[in-house]
Amino acid sequence: MQGILYEETSIWQFIFITCVLGGWTAWRTGKSVADTWHNFPRLLLYVALLGWAIRFIHHALFGGTMFSLQYYIVDTIVLLLFATAGFRYYRTRQMTNNYYWLYEKASPFSWKAK
């Protein structure tokens with residue numbers, strides 16, 4: 001997998017920077033977009049920018065390539081998974097709390113009509 005999904009010498013660097021730090025930031029980004037009642041395309045824009053920030057951290061701390069399209073896409077896809085989960089989780093909470101007479105939770109990430 002080294003060379004395909006991450007360029008560092010250890011997978012732990014990729015997991016810590018992209019999955020832990022970037023994943024937490026992406027989750028909070030999804031929460032922020034959902035809390036302000038913005039839509040999913042706004043989330044895509046923010047995650048694209050966050051992907052560049054994570055590439056910079058890889059570059060600054062571990063000497064990774066800053067402008068590598070392959071690794072940017074991998075990082076951004078991982079961040080998008082976390083951001084989408086955060087967005088759906090908090091949007092479900094919003095819809096079921098604010099419109100409790102119309103909707104109920106179907107799962108932590110979706111709602112259904114009563």
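A quick word on ground rules. Because the model is predicted, local features need pLDDT of at least 70 and side-chain atom pairs count only at pLDDT 80 or more, while totals for chains, interfaces and linings use all residues. Residues are numbered from 1 along each chain as its sequence is written, and side-chain values use heavy atoms, with hydrogens and water left out.

Let's start with the layout. The chain has 3 helices and 2 strands, in the order α-α-α-β-β along the sequence. Helices (H or I, at least four residues) and strands (E, at least two) are DSSP runs, numbered from the N terminus. Along the principal axes, the C-alpha atoms fill a box of roughly 55 × 20 × 20 Å. Of the 114 residues, 34% are buried; buried means under 20% relative accessible area, exposed over 50%, and partly exposed in between, with a 1.4 Å probe and protein chains only. The chain exposes about 6,800 Å², and carbon and sulfur atoms supply 68% of that area, computed by the Shrake-Rupley method with a 1.4 Å probe. Among contacts (heavy atoms within 4.5 Å) with a separation of 6 or more, 59% join residues 24 or more positions apart.

Now, α1. Just after α1, tryptophan 37 takes a positive phi of about 60 degrees.

On to the core. Which residues make up the largest nonpolar core? There are 12: Ile17, Ala26, Val33, Ala34, Leu43, Val47, Leu50, Ile54, Leu79, Ala83, Phe87 and Tyr90. The elements giving two or more residues to this core are α1 (11–35), α2 (40–62) and α3 (69–98). By nonpolar core I mean a set of buried Ala, Val, Leu, Ile, Met, Phe, Trp, Tyr and Cys residues joined through side-chain atoms within 4.5 Å.

Finally, the salt bridges. How many does the structure hold? There are 3, each being a side-chain nitrogen of Lys or Arg within 4 Å of a carboxyl oxygen of Asp or Glu.

Lysine 31 and aspartate 35 meet at 2.4 Å, N to O. Both lie in α1, 4 residues apart, about one turn of the helix. Lysine 31 counts as buried because its relative accessibility is 19%, whereas aspartate 35, at 35%, counts as partly exposed.

Arginine 55 and aspartate 75 meet at 2.9 Å, N to O. This pair links distant parts of the chain, with arginine 55 in α2 and aspartate 75 in α3, 20 residues apart. Both residues are buried.

Lysine 112 and glutamate 104 meet at 3.7 Å, N to O. Lysine 112 is partly exposed, with a relative accessible area of 42%, and glutamate 104 is partly exposed too, at 32%.

Thanks, everyone!
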